[in-house]
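Please keep the sequence and the structure in view while reading.

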Amino acid sequence: MIKRAIHIFPRFDNAEEIHCLRQKFDPLANLIPPHLTLVYPFESDWSAEQVQAHCQDVLQGFQPFDLTLRGITGTPDWHLFLNVKRGNDEIIALHDRLYSGLLQPFLYRKVTFVPHLTVGHLTNVETFESSLAATQEFDHIFTCRVDEITVEVIEPDESSTVEGTVRL
């Protein structure tokens, strides 16, 4: 079985600001670049070609779009999110299309999909509260054009290996 996920790896001119935050608060910072998850980790025996073909089929006609991120908020399970301010509807549409057909059995319906870029995952309420306070003044704006999605393989050490990309 191969463990995969599908992401947007945004290319921001000021991405170093995100990198610094993730170094402080995200244990995956050195294992995977900043990303917006479209399809959460799933395991299958499918070939890279099968997954690529699915992505190409369901995203046919989908156009590139502008993405803007700004503002840090927390979640009940102690994550820190950099929030989507522009491009939210397009990301949801990508998510919905990708979870059709081949990937439909992997759709997790217990939690509403909220587009975001994770910048932190804390292990207890105290560190979560202090991290949220430390990011209160973080008001950078991140913009880019999204013109592709990426299929990644999640290695046993949780690092990310790009398996393929699909242009929008």
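Contact here means heavy atoms within 4.5 Å, and the model to which this is applied is a predicted one.

**Helix H3 and its cover**

- In helix H3, which spans residues 88–98, the buried residues are Ile 91, Leu 94, His 95 and Leu 98.
- Because these residues cover an arc of only 100° around the axis, they lie on the same side of H3.
- The cover over the buried residues of H3 includes helix H2 (48–58) together with the strands E1 (2–8), E2 (36–44), E3 (65–74), E4 (79–86) and E7 (148–154).

**The largest pocket**

- The largest pocket has a volume of about 960 Å³, and its lining is made up of 35 residues, among which Thr 37, Tyr 40, His 79, His 116 and Thr 118 lie nearest its centre.
- At least two residues of this lining come from each of E1, E2, E4, E7 and strand E5 (116–121), and E2 supplies the largest share, with four residues.
- By residue class, the lining of the largest pocket divides into 16 nonpolar, 12 polar and seven charged residues.

**The largest cavity**

- The count of cavities of 30 Å³ or more comes to one, and the largest cavity has a volume of about 40 Å³.
- Its lining consists of Ile 8, Phe 9, Pro 10, Arg 11, Cys 144, Arg 145, Val 146, Asp 147 and Glu 148, with strand E6 (residues 141–146) giving the most, at three residues.
- The lining of the largest cavity holds five nonpolar and four charged residues, but no polar ones.

Terms used
Residues numbered from 1 in each chain as written. Predicted model: local features only at pLDDT ≥ 70, side-chain atom pairs only at ≥ 80, totals over all residues. Heavy atoms only, no water. Buried < 20%, exposed > 50% of the residue type's maximum accessible area, 1.4 Å probe, protein only. Arc of directions from axis to C-beta. 1 Å grid on protein atoms, 1.4 Å probe; cavity = no way out; pocket = protein on both sides within 12 Å on 5 of 7 lines; lining within 4 Å. Points joined across faces, edges and corners; volume = space filled by probe spheres on them. Nonpolar A, V, L, I, M, F, W, Y, C, P; charged D, E, K, R; others polar.
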